[in-house]
Amino acid sequence: MDELRFVIVDDAVFMRTLLKKMIEEVDNYKVVGEGSNGFEAIEQAKILKPDIMTLDITMPEMDGIKAVKDIVKCSPNTRIIMVSAMGQQSMVIEAIKMGAKDFVVKPFEKSRVLQAIKNVTNI
Ligand SMILES: [Mg+2]
């Protein structure tokens, strides 16, 4: 299997660290970039064109929802997995309508994250 390249976007460092650890425990899964707001997400999508981006919803400067459209425009092959908190279902639905492919709800289990990755890679 070819390497799968990830960018992780979340304003909380501990959340990026946790996701990176879960992802990189899998052979061939490589985190190539990180961001802490929507602007950085768009920038990373433009530069790195990752296979998968995990995108937090609640972030300062620009939230994840506002970034989805531009990420899809800059890097149409990047599959976006939204990372939401409980009670953000309507925002998740909005993100899916704009092109995000799946979502995980915090706090999440590693198995759910890996399942979401499988879901979006099989599209
Ligand atoms: Mg956040």
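**Figure 1. Contacts of Thr-54 in the predicted model.** Thr-54 touches Val-7, Ile-8, Val-9, Leu-19, Ile-23, Ile-81 and Val-83, leaving aside residues up to four places away in sequence; contact means heavy atoms within 4.5 Å. Thr-54 belongs to strand β3 (residues 52-56). Strands (E, at least two residues) and helices (H or I, at least four) are DSSP runs, numbered from the N terminus. With a relative accessible area of 4%, Thr-54 is buried. Buried means under 20% relative accessible area, exposed over 50%, and partly exposed in between (1.4 Å probe, protein chains only). This is a predicted model, in which local features need pLDDT of at least 70 and side-chain atom pairs count only at pLDDT 80 or more, while totals for chains, interfaces and linings use all residues. Residues are numbered from 1 along each chain as its sequence is written, and side-chain values use heavy atoms, with hydrogens and water left out.

**Figure 2. The aromatic pair of Phe-6 and Tyr-29.** One aromatic pair is found in a search of the whole structure. Phe-6 and Tyr-29 form this tilted pair, at 5.2 Å centre to centre and with 50° between the planes. Rings of Phe, Tyr and Trp (its six-membered ring) pair if their centres lie within 6.5 Å; planes under 30 degrees apart count as stacked, over 60 as edge-to-face and the rest as tilted. Phe-6 lies in strand β1 (residues 4-9) and Tyr-29 in strand β2 (residues 29-35), so the pair ties together parts 23 residues apart in sequence. Both Phe-6 and Tyr-29 are buried.

**Figure 3. The buried face of helix α5.** Helix α5 (residues 110-121) has 12 residues. Val-113, Ala-116, Ile-117 and Val-120 are its buried residues shown here. Seen down the axis of α5, the buried residues fall within an arc of 100°, so they line one face of the helix; the arc is that of the directions from the helix axis to the C-beta atoms. Their cover includes β1, α1 (13-24), β2, β3, β4 (79-84) and β5 (102-105).

**Figure 4. Protein donors of the magnesium ion.** Asp-11 (OD), Asp-56 (OD) and Thr-58 (O) lie 2.1 to 2.2 Å from the ion. Donors are N, O and S atoms within 2.8 Å of the metal (3.2 Å for Na, K and Ca); water is not among the atoms, so sites may look incomplete. The donor residues are spaced D-x44-D-x1-T in sequence. Asp-11, in the loop between β1 and α1, and Thr-58, in the loop between β3 and α3 (64-74), are 47 residues apart. Asp-11 is partly exposed at 35% relative accessible area, and Thr-58 is partly exposed at 49%.

How values were computed. Expected span 1.5 Å × (residues − 1).
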